[in-house]
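I opened the model to look up two things.

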Amino acid sequence: PGRGGSVFDDHNIERLLEGEMRIEPIPLHKRQSMLERRLTRLVKSETGARMEMIDDIDQTLKLAGQPGMFDLAKDFGVPVERVEATDISTQLAIAAGIEALRDAGIPLVMNYKQTSTGTYLPNRWMLPDPLKDETGVIFASAFPGLERMADETGKFAEYQALVRQIEELRRLRSHLLVEAGGAGAAMIDHRINELQSQLEELDYHFDRRFIFRILAMGHSQFAEYIGARGPNTHVNAACASTTQAIGLAEDWVRNGRCRRVVVIAGDDVTGGNLINWVGSGLLVSGAATTEGDLRRAVLPFDQRRNGMIMGMGAAALVVEAEDAVRERGMTAICEILATQIANSAFHGTRLDVDHVCQVMDRVLRQAEDRFGVRRQEIASRTVFVSHETYTPARGGSAAAEVHALRTVFGAGAEQIVIANTKGYTGHPMGVGIEDVVAIKALETGVVPPVPNFREVDPELGPLHLSRGGTYPIRWALRLGAGFGSQISMALLRW
């Protein structure tokens, strides 16, 4: 995110690793739109919970990671008609997928189609033929299609409102005004004409692309675009979606279903209509902060943490069999040693601390059994890329993560450097910006600093939080957690 730049600026990863703030104030008109929804917020405190009616704009959300410039057709060459049949979450994911293929050195070559006369015409850029059947796609997104749904229903509601106003004014004119040429009739006629003009300008018709726009079809739409004919699916593990997709991709490759998987992820709940709906939902649930000062709002692991901040973004990764990488003359950035996907069957929004510990232990045991690594030996060269959303302590991510690290690594937990990027992007929903950061941290040795940390939480104890800059890391442990007790983890080696 970042309103002043491009969503796909080539320097974005570098800026995140350096700790550049991408969270900005929400425009006043969007906050006003939240207020108009007649919200009642759940307010939690040490004495219990209470319901509070929101009747002042100052009680609404004030900060979010919001999108900058992005045009899939203009910036990536995707045909406009194809773009118009997709939702913003899919558009972001497709763009990220194209970027990931480029970074992985996988070319898209011109595909030609044969005409009825036997000649060939350029069709579109696709994977080379030998790669098509061995390439799978997984689309990770928490809110696919909802922006288009909100847009369509909003236009329909506007159309209905205009039609009803015109009908009511016509009834009023016929019932109350007996003098056809009177001033009252002229005023009503003038207003009817104004509404009629608005109706004609709106020109609402149900969009024939509606089904394609709202379906979670980013996986198939990207596969069609690049010609990937391997296994193909969408995953939605809420905010653990991308990390879960990496685990599924690993399973596909290890089990021989394909030789590579392009994991693509996209979510944008802050740039369009969804900020009013998703933002309002997170506000009334008590999960989001209403602070407007970044120094008091963005507080990963800090005792003062008081609620999450929404974000947006896109991410993509190529998960590939090692022999396939070598065949292409490339060297991978890192290796997936182990992944775990689980559900705690516990609570809609809170984490089961004991179960998170068990899942983390399974990841480490899996890597130890497969590759002979030892957790005590790798701790000093490991970065833990956290999910921490700086929500209040009770049931929040920080306590579960830190407790798991201490339980699984013992004294070695003090040596693990902890990183968090939601302090710079806000919460990008199902998009694993952190998964990409984990890999890029291994590649560059640069770990982003944890922002605004000042007060130690006694429940968490002393932590080895990143201060930014270079660290001697070789392993990355990534945890993703999502509403509905979703847990996903991955251990990576440079």
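How many disulfides does the count come to? I took a disulfide as a pair of cysteine sulfur atoms within 2.5 Å. By this rule I got 0 disulfides. This is a predicted model, where local features need pLDDT of at least 70, side-chain atom pairs count only at pLDDT 80 or more, and totals for chains, interfaces and linings use all residues. Residues are numbered from 1 along each chain as its sequence is written, and side-chain values use heavy atoms, with hydrogens and water left out.

I checked Cys 334. Its closest cysteine sulfur is in Cys 258, 17 Å away, so a bond is ruled out by distance. For accessibility I used relative area: buried is under 20%, exposed over 50%, partly exposed in between (1.4 Å probe, protein chains only). Cys 334 is partly exposed at 21%. Cys 239 is buried at 17%.

Next, the sheet. I read strands as DSSP runs (E, at least two residues), numbered from the N terminus. Two strands pair if DSSP finds at least two bridges between them. The sheet is open, has 4 strands in the order S8-S7-S9-S10, and its pairing is mixed. S8 (232-235) and S10 (312-320) are the edges; each has a single partner strand, so one side of each lacks a neighbour in the sheet.

I then followed S7 (residues 135-140). It runs parallel to S9 (residues 260-268), with 6 bridges. It also runs parallel to S8, with 4 bridges. Ile 138 has Val 263 as its bridge partner in S9 and Thr 233 in S8. Ala 140 has Ala 265 in S9.

Is S7 covered or exposed? I found 6 of its 6 residues buried. Thr 135, Val 137 and Phe 139 point one way, and Gly 136, Ile 138 and Ala 140 the other.
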